[in-house]
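Reader: I have just started learning how to read protein structures. Could you walk me through one, step by step?
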Amino acid sequence: MITPTDAFQLLIDLPVPSGSQKIALEDSIGRILAVDICADRDFPPFHRVMMDGIAVQDIHSREWPLAGIAYAGEPVFHLENSSSAVEIMTGAMLPENAQAVINIEELEFFQHEEKPWVRHIGTKAIEKGQFIHQKGIDAPVGQMLIPKGKKIGPVEVAIAASVGISTSLVEALPSIGIISTGDEIIPIDQQPLPHQIRSSNSIMIEAVLKQKGFQTEKKHVLDEPAAMEKILADLLDSQDILILTGGVSAGKKDFMPGVLAKLGFEKIFHKIAQKPGKPLWVGKRSDGKIAFALPGNPISTLTCFWVYFLPWIHQVRWPTNTISVSQLPKSNPNLVQWIPIQFDSNGAHALRNNGSGDLINWASANAIACLPANQEGNELMYFSLNL
Ligand code: AMP
Ligand code: MG
């Protein structure tokens, strides 16, 4: 058994799995890319004409007969006669064999023997390669264009579109599967028989996580190892993290640690010197998935979820604020006690309760205070229950 502080230290060192989500490219501004974006072809994909004008092979001539017109969006034009020119538009493929593009402002078109001709009237010499955006010069096919982790802005959207990506994989909060266990537990919309109780744990966890923006999926399973293994395995296909409630203590039907081990989870800790919530079990798998198995008593579940799971998933330290608490029970010699407190004009007072199964007497609690083992004073650290 470890202390609460040691348990939390182990959680600080435990990486929160990162989730990802596919969203439409047009919805992706401001999100973080979860994959590299690479060039699916050369950029530009062909020698691209950069000016309206003509393309020529013979750059030393001043006059050329016109062999045709090449527009953007047309397949490549073959300039067969090395002494002629092709009229050309911005964005067109450079005609095969052409050496340079001359912009229209430096040209004069005329007729010679009833054939169209063009003359260079500019003063500067024509340079080989001028106004040709060379194939692959911006990026060759396969080159990484935007690394994962980059925040998506307008340029990233345009580049993604250029390589044919219409849905982008972006970072998301990890997805969380919530599984309650117990033969006695029934859904909340059913009338319980005398030996049954309605499930309050999983919906409490779901409600809080949803409010915090997490995607969750909730299931219930009976205390039967094969059924537990199947439901957990199914949820692990889609979820990054599992929160389980019940079946983790020392009872004859507490199968959860064994089931998690069978599914490949390695225990990080099991049992903390605290009350409630002593049996908390946390483990990780080699694929990065994390499981928190919380004891099923509603207050044990609430405490473990609030004090361990939420700070871990949000990567925050425990609070350091303290409050003076009156009407405290006697501190336990060995266990930290988590106490429901209600704020009052002097600080706070502890609420009477009937143990970890007593959800009802927590209704007026504002916070969970930490009463250390063997504590003398009444100045206690506390976790607010406000969201
Ligand atoms: P366990 O941790 O499975 O031994 O369960 C301890 C106690 O918690 C049982 O007596 C159950 O009545 C109660 N409990 C377990 N799961 C839930 C749940 N989902 N909702 C409410 N109470 C529960
Ligand atoms: Mg149980």
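Author: Gladly! Let us begin with a definition: rings of Phe, Tyr and Trp (its six-membered ring) form a pair if their centres lie within 6.5 Å. Keep in mind that this is a predicted model.

Reader: How many aromatic pairs does this rule give?
Author: The rule looks at ring centres and asks whether they lie within 6.5 Å. Applied here, the count comes to twelve aromatic pairs.

Reader: Are the planes of Phe292 and Trp312 stacked, tilted or edge-to-face?
Author: The two ring centres are 5.0 Å apart, and the angle between the planes is 40°. Planes under 30 degrees apart would count as stacked and those over 60 as edge-to-face. The pair of Phe292 and Trp312 is therefore tilted.

Reader: How many residues apart in sequence are the parts that this pair ties together?
Author: Phe292 belongs to strand β21 (residues 290-294), while Trp312 belongs to helix α6 (residues 298-313). Both Phe292 and Trp312 are buried.

Reader: Which residue lies over the face of Phe110?
Author: Here we look for a charge over a ring, which for Arg is judged by its CZ atom. The distance from the ring centre of Phe110 is 4.0 Å, and the residue is Arg119.

Reader: Is Ser168 buried or exposed?
Author: Ser168 sits in strand β12 (residues 167-172). Leaving aside neighbours within four places in sequence, Ser168 is in contact with residues including Gln21, Leu25 and Ile152. Its relative accessibility is 3%, and the cut-off for buried is under 20%, so Ser168 counts as buried.

Reader: Which residue stands opposite Tyr382 of β26?
Author: Strand β26 (residues 379-384) pairs in the antiparallel sense with strand β22 (residues 322-326), where Ser324 has Glu379 as its bridge partner. Strand β25 (residues 367-371) also runs antiparallel to β26, joined by three bridges. Opposite Tyr382 stands Ala369.

Terms used
Residues are numbered from 1 along each chain as its sequence is written. Chains are lettered from A and ligands numbered from 1 in the order in which they are written. This is a predicted model: local features need pLDDT of at least 70, side-chain atom pairs count only at pLDDT 80 or more; totals for chains, interfaces and linings use all residues. Side-chain values use heavy atoms; hydrogens and water are left out. Helices (H or I, at least four residues) and strands (E, at least two) are DSSP runs, numbered from the N terminus. Buried means under 20% relative accessible area, exposed over 50%, partly exposed in between (1.4 Å probe, protein chains only). Contact means heavy atoms within 4.5 Å. A charge sits over a ring if NZ of Lys or CZ of Arg is within 6 Å of the ring centre and within 35 degrees of the ring normal. Two strands pair if DSSP finds at least two bridges between them.
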